[in-house]
Amino acid sequence: MRNIRLVILLVIGMAALQLLNASDHRVFVAPGHTTGSFLNDKINGDTLANGARRDSSAIYVLYRDSLYFQNLIIQNKGVDLKIVAEDGPGYRPYICLYPGGANNLPPGQFINAKGNVELRNLVVSGVYEYGTYDGGDTTYLGGMQGALFDFSASGFSVTIDSCILTNTNGNHVRTSSTPKNVKITNTIFGNMGFLHRSNLGAGKALDVRAGSVDTLILQNNTFVNAQDRIVRHYTSTGAIKYFLFDHNTIVNSMSYHGMLSLGKINTCNITNNLIVDGFALGQDTDYVRQVEFSDSKELDVNGKPRMTWVITELDSGRTVVYNINHNYYAVSDSGQAFYTQYAAAGVQGEGSPLTWNINSKLGADSVNAFKKVSIALTKAPMVMTNMMRWYRTPIVDGGGGKSKDVSKFPWPSLTADYNRVRMEYLDDTLDCSFATANAAYTGAVGGFPVGDLNWFPTKKAAWALTTGIEKSDAKANSFALNQNYPNPFNPATMISYSVLNTSQVKLEVFDILGAKITTLVNQVQTPGSYKVDFDGSKLSSGMYIYQLSTPNQVLTKKMMLLK
């Protein structure tokens, strides 16, 4: 029914291009179709031969409940590119990469960026999904390309919020140069990898191996169906200076070469995440897989690279700050059955989350970094055990023979692929919520659910009130806690403070008797000046104490709530 509705909207919704008043430069783009205009026609058409944009302030707005096609890569060179959904209700715009050009394949990427990019409320698939892989039709899947986004210039920033990204054979987001900031929030990554077009070492959410990254922030995202890593920074030449992986949900990651392969890193925050069948192929003595676990320099009993979920380059001679806590994980019955079946062949269950080096840095707290629970998600695909068993089956018996590259022999995609769900499923059927009685429901910092909080909207709204942390460009001259403003306040106030050295920072609020009301900040922060809002609307009038602390220092002040 929904397919029919989209087609009808596509036919009757080919409204002429609309331009709102010049003050906000919002350019509305009509849906493109397979025999007419494409999304790239409008955006690339606004780009001059020298790479400049006719309207450098344009924000391209796509209609909700509409289907867009694209047959050429969209590019920006030295200018900002912003593509968003129109405001209001309705399904997000769907964008499908569609065959075109001399080879009649979809374009190699959705966007190849050489400037800042901002995307909000879009659904992007690397293939045309309508009529694809239903009833065994793989016409369009067969042309799947390697990436949705490739950012190929240095010093830019990437912001992706509230999107769905699905269907590439390599990686959904890749940085082929050295980005400044990459921030992805409230986004679903689906269907990472396709063996008909690539190998088992592909199928990643993000590949940032090319160099350094100032900040890489992944928060409140869900990752479903990955062949390989969620993040690859393996063999990196520069460091991720600040990494935050917080409140994410991972479901069905085969983790062929790892899960979070972070390479060189300076500050590593992995907090409040939920992982279900996240290291599905298991810890093994499979050297074809092990070879890309070598950054840690740790070896297993056979003298080969030791497999762990989180891998960082051995940090001898460098100071690396690790903040890894309040993460929960589960193994489904199907996932455990696979481990049991292949235990005698060397599969050692789900394996170890952390390297020995990271464990030593966390100290006694390392036992709380990842907690195992039994959990049932409301609606999610089954783990890819067909694919995993096919990989381990000898070639003479029709399997993959533990070969990374399957291009040399036929791959039975209809029986050995993972449960490749469609973008509609990701948009309106997938539901990674779980029972409120589960320990994971209050397992995150502040008593919130772990994982992507978008599956618990009420909790997400409450969490947002406690995490509005802003960092300014001002340099810090000391470790300082300022008086809240306004004071007295009703019902909200702003608290500002400064951090002199990179450290674990907590900002907590207590009542006058010393009972803790809430934790506003609990994370590793780099030197700088910060501010955070505190909402006291649910509290009674009176005096409250707020406390800023690091492992070495504590500062307190009082504030007055008057209603």
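Reader: How many bridges join β6 to strand β9, residues 117–120?

Author: There are 4 bridges between β6 and β9, and the two strands run parallel. Strands here are DSSP runs of E with at least two residues, helices are runs of H or I with at least four, and both are numbered from the N terminus. Two strands pair if DSSP finds at least two bridges between them.

Reader: Which residue of β9 is the bridge partner of Leu81?

Author: That partner is Val117. β6 also pairs with strand β3 (residues 59–62), in the parallel sense over 3 bridges. In that pairing Val61 stands opposite Val84 of β6.

Reader: Before I go on, what sort of model is this?

Author: It is a predicted model, where local features need pLDDT of at least 70, side-chain atom pairs count only at pLDDT 80 or more, and totals for chains, interfaces and linings use all residues. Residues are numbered from 1 along each chain as its sequence is written, and side-chain values use heavy atoms, with hydrogens and water left out.

Reader: Good to know. How many residues of β6 are buried?

Author: Of the 5 residues in β6 (residues 81–85), 4 are buried, so the strand is largely enclosed by the rest of the structure. Buried means under 20% relative accessible area, exposed means over 50%, and partly exposed is in between, using a 1.4 Å probe and protein chains only.

Reader: And what about β21, how many of its residues are buried?

Author: β21 (residues 240–246) is mostly covered, with 6 of its 7 residues buried. It is joined by 6 bridges to strand β18 (residues 213–219), and these two run parallel. Tyr242 of β21 is the bridge partner of Thr215. β21 also pairs with strand β24 (residues 267–271) in the parallel sense, over 4 bridges, and there Leu244 stands opposite Asn269 of β24.

Reader: Which strands make up the open sheet, and in what order?

Author: The open sheet has 8 strands in the order β5-β8-β11-β14-β17-β20-β23-β26, with parallel pairing. β5 (74–77) and β26 (310–312) are at the edges with a single partner strand each, so one side of each has no neighbour in the sheet. Within the sheet, β17 (residues 204–207) and β20 (residues 231–232) pair over 2 bridges, and Leu206 has Val231 of β20 as its bridge partner.

Reader: Let's switch to helices. Why is α6 largely enclosed?

Author: Because 6 of the 8 residues of α6 (residues 385–392) are buried, it is largely enclosed by the rest of the structure. The buried ones are Thr385, Met387, Met388, Trp390, Tyr391 and Arg392. Their cover includes α3 (287–290), α4 (333–341) and α7 (413–416).

Reader: At what angle do α4 and α6 pack?

Author: They pack at about 15 degrees, with their axes 10 Å apart. Axes are lines fitted to C-alpha atoms, for helices over the stretch in contact, and angles run from 0 to 180 degrees between N-to-C directions. α4 and α6 are therefore roughly parallel to each other; angles under 35 degrees count as roughly parallel, over 145 as roughly antiparallel, 65 to 115 as roughly perpendicular and the rest as oblique. The contact (heavy atoms within 4.5 Å) is made by Ser334, Ala337, Phe338 and Gln341 of α4 and Thr385, Met388, Arg389 and Arg392 of α6.

Reader: Now the cysteines. How many disulfides does a search of the whole structure find?

Author: The search finds 0 disulfides, a disulfide being a pair of cysteine sulfur atoms within 2.5 Å. For Cys96, the nearest cysteine sulfur is that of Cys163, 14 Å away. The Cys432 sulfur is 17 Å from its closest cysteine sulfur, again in Cys163, which is too far for a bond.

Reader: Are Cys96 and Cys432 buried or exposed?

Author: Cys96 counts as buried at 0% relative accessibility, and Cys432 counts as buried at 1%.
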